[in-house]
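This report walks through selected features of one protein model, moving from a sheet to the nonpolar cores and then to a pair of helices. Please keep the sequence and the structure in view while reading.

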Amino acid sequence: MNEIMAEEIGELNTLAGSELLARYNKSLLGVFGTPQQVLVRGAGCLVWDADGKEYLDLLAGIAVNALGHAHPLVTSVISSQLATLGHISNFFTSPTQIALAEKLLELSDAPAGSKVFFSNSGAEANEAAFKLARRNAGTAEAPRTKIVALEQGFHGRTMGALALTWKSAYREPFEPLPGGVEWVPAGDVEALRAAVDENTAAVFIEPIQGEAGVIELGAEYLKAAREITAEAGTLLIFDEVQTGIGRTGSWFASAGVTPDAMTLAKGLGGGFPIGAMIVFGEENTALLTPGQHGTTFGGNPVATAAALATLHVIEAQNLLSHANKVGEDVRGKLAALDFVTEVRGRGLLIGLDLAQDVAPGVVKAALDAGFIINAPGPRTLRLAPPLIVTTEQLDTFVAALPALYAAAVSSTKE
């Protein structure tokens, strides 16, 4: 079998990146367009493409690879677990699934009666949260049919998660979507207060809106949202798919405010696919009963082992403190650049606005120069590097950025 695999992959490994991209375009559905490069190897914060070029990965697979690439503990734990027990379905459980659920409840300071549901992605975690919200249905006399979400919010591409996502270009091609969703301006307490009433089943909030350009809503807004929803009998659901698991220098960006449910994914598995919904309190966990939701792969032994290993490394290496320290340092250095108009974020989730609408051009110039970054908006760049990134590595990007910006500006004039 190994020889067959080697023969199938071996030929591809001899091809140049351009040849591989041509074959990609012939064989994969074009929902992502043509990829920027074909990556073949990673180590720590570095990756290499099919042509042997090295890149500093400052995006970490969109905030996923919390420990970088090929972390020795995570890879050994995955290999060991897969060699022992890989998949068991939801008819059974495993020690790693139980241990991870208990660990997440501990890290989130969950009250008695709180429980965890495991999925395979952030979108799936938000689908589960949407169904939890639907179960907060009220009564026949006063039904709760409305869901409130925030403008600029992003919750995923599957149908329920998409129904919560604000950007109309994402939603409209697939309508009709699950109904009853209304959007209010992010960060506006009075708008939220006016929208939430006895007919509102849930409010969905990203504490920091990553896809909107790293827009932080702030602790006071989250506290106000907790008060407003509690008074109305409405569920408060925090989407921490991007911000959770140390990304912002704390385990959760919403720390200090306890929601009714919280969704996680991305960094949780250190690169291995896993999502989770933490439901807080016995009254809320009772909303979903046996048979009302499920998943075949969710919470499998390998994914939960990978997540446990990731959490262990973050704790053992004090990476929350590290993310705060290096994040604060690089944000200060970026803010000092004369073409950067604003720097936002916490820990190692960073958004920076440029003086001109050239962010996509900067991303391209950065890739050519050996840096992987992202542009969530026409003049906004996003950095979400591995939590192990060093100040020295980030400094190389800061030093290169003026030339990258100049190249992007120049290319718009040609």
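## The sheet

Aspartate 57 stands opposite isoleucine 372 in β15. The model is a predicted one, in which local features need pLDDT of at least 70 and side-chain atom pairs count only at pLDDT 80 or more, while totals for chains, interfaces and linings use all residues. Residues are numbered from 1 along each chain as its sequence is written, and side-chain values use heavy atoms, with hydrogens and water left out.

Strand β3, which covers residues 54–57, pairs with β15 in the parallel sense over two bridges; two strands count as paired if DSSP finds at least two bridges between them. Strands (E, at least two residues) and helices (H or I, at least four) are DSSP runs, numbered from the N terminus. The open sheet to which these strands belong has four strands in the order β1-β2-β3-β15, with mixed pairing. Because β1 (39–43) and β15 (371–372) stand at the edges with a single partner strand each, one side of each is left without a neighbour in the sheet.

## The nonpolar cores

The largest nonpolar core holds 81 residues, of which Leu104, Ile205, Leu334, Leu354, Val362 and Leu401 touch the most other members. Its largest share, nine residues, is supplied by helix α15 (residues 391–413). Another core, of 22 residues, lies apart from it and includes Leu162, Val181, Leu235 and Met277. A core here is a set of buried Ala, Val, Leu, Ile, Met, Phe, Trp, Tyr and Cys residues joined through side-chain atoms within 4.5 Å, and buried means under 20% relative accessible area, with exposed over 50% and partly exposed in between (1.4 Å probe, protein chains only).

Leaving aside neighbours within four places in sequence, leucine 104 is in contact (heavy atoms within 4.5 Å) with Val116, Phe118, Ile245, Leu264, Leu268, Ala276, Ile278 and Leu311.

## Helices α4 and α12

The axes of helix α4 (residues 72–84) and helix α12 (residues 301–316) come within 9 Å and cross at roughly 155°, the axes being lines fitted to C-alpha atoms over the stretch in contact, with angles running from 0 to 180 degrees between N-to-C directions. That angle makes α4 roughly antiparallel to α12, a term that applies to angles over 145 degrees.

Alanine 309 has its place in helix α12 and is buried, with a relative accessible area of 5%. Apart from neighbours within four places in sequence, alanine 309 is in contact with Leu73, Val74 and Val77.

Note on methods:
Parallel < 35°, antiparallel > 145°, perpendicular 65-115°, else oblique.
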